[in-house]
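Visitor: I am new to this structure and would like to know what stands behind the words used for it. Please show it to me.

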Amino acid sequence: MKLSENIAAPRYVLGVCKMGGYTAWDYYNLGVACSVGQGDIELDLVQAHKWFNLAVMAGMREAHEDRAFIAAEMTGAEIAEAQRQARAWLAQGSLPQAA
């Protein structure tokens, strides 16, 4: 699994995403942080899958690989929940920008 090692402050990135100033890299970095429990973000594969999914939608190839890696550790119900959360994020008008 190729994971970014340059995540300074995951909560800051999450705040930026919620305010609409986000990129595919922001989504990807949140996915990484959630997939390993980095900084002040707890390990949460459902959230990681959601963020990787949004990064994939923005054209980030690395996120596709990492999403598949963590999906192998998840139940079908967990993956469905992650996809539901990604759709809900998009429904709020939070469309990912290209990397």
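What follows is a conversation about how terms are applied to this structure.

Visitor: What should I know about the model and its numbering?

Guide: This is a predicted model, in which local features need pLDDT of at least 70 and side-chain atom pairs count only at pLDDT 80 or more, while totals for chains, interfaces and linings use all residues. Residues are numbered from 1 along each chain as its sequence is written, and side-chain values use heavy atoms, with hydrogens and water left out.

Visitor: How many helices and strands does the protein have, and what makes a run count as one?

Guide: The protein has 5 helices and 0 strands. Helices are DSSP runs of H or I with at least four residues, strands are runs of E with at least two, and both are numbered from the N terminus. In that order the elements read α-α-α-α-α.

Visitor: What share of the residues is buried, and what does the word mean?

Guide: Of the 99 residues in the protein, 44% are buried. Buried means under 20% relative accessible area, exposed means over 50%, and partly exposed is in between (1.4 Å probe, protein chains only). The protein exposes about 5400 Å², with 53% of it supplied by carbon and sulfur atoms. Such areas come from the Shrake-Rupley method with a 1.4 Å probe, and for residues only the protein chains shown count as cover.

Visitor: Why is Ala63 called buried?

Guide: Its relative accessible area is 0%, which is under 20%, so Ala63 counts as buried. Ala63 lies in helix α4, residues 61-71. Leaving aside neighbours within four places in sequence, Ala63 is in contact (heavy atoms within 4.5 Å) with Tyr28, Phe52, Ala55 and Val56. The C-alpha atoms of Ala63 and Tyr28 are 6.1 Å apart, although 35 residues separate the two along the chain.

Visitor: Is Asn53 buried or exposed, and how do you know?

Guide: Asn53 has a relative accessible area of 11%, again under 20%, so Asn53 is buried. Asn53 is placed in helix α3. Beyond its neighbours within four places in sequence, Asn53 is in contact with Arg67, Gln83 and Ala86.

Visitor: Why do Tyr27 and Trp89 count as a pair, and what kind is it?

Guide: The ring centres of Tyr27 and Trp89 are 6.4 Å apart, within 6.5 Å, and the planes meet at 80 degrees, over 60, so the pair is edge-to-face. Tyr27 lies in helix α2 (residues 24-36) and Trp89 in helix α5 (residues 76-91), so the pair ties together parts 62 residues apart in sequence. Tyr27 and Trp89 are both buried.

Visitor: What makes the pair of Tyr28 and Phe52 tilted?

Guide: The angle between the planes of Tyr28 and Phe52 is 45 degrees, with 5.6 Å centre to centre. Tyr28 in helix α2 and Phe52 in helix α3 (residues 45-57) are 24 residues apart.

Visitor: Why are Glu81 and Arg84 called partly exposed?

Guide: Glu81 has a relative accessible area of 28% and Arg84 has 41%. Both values lie between 20% and 50%, so each residue is partly exposed.

Terms used. Rings of Phe, Tyr and Trp (its six-membered ring) pair if their centres lie within 6.5 Å; planes under 30 degrees apart count as stacked, over 60 as edge-to-face and the rest as tilted.
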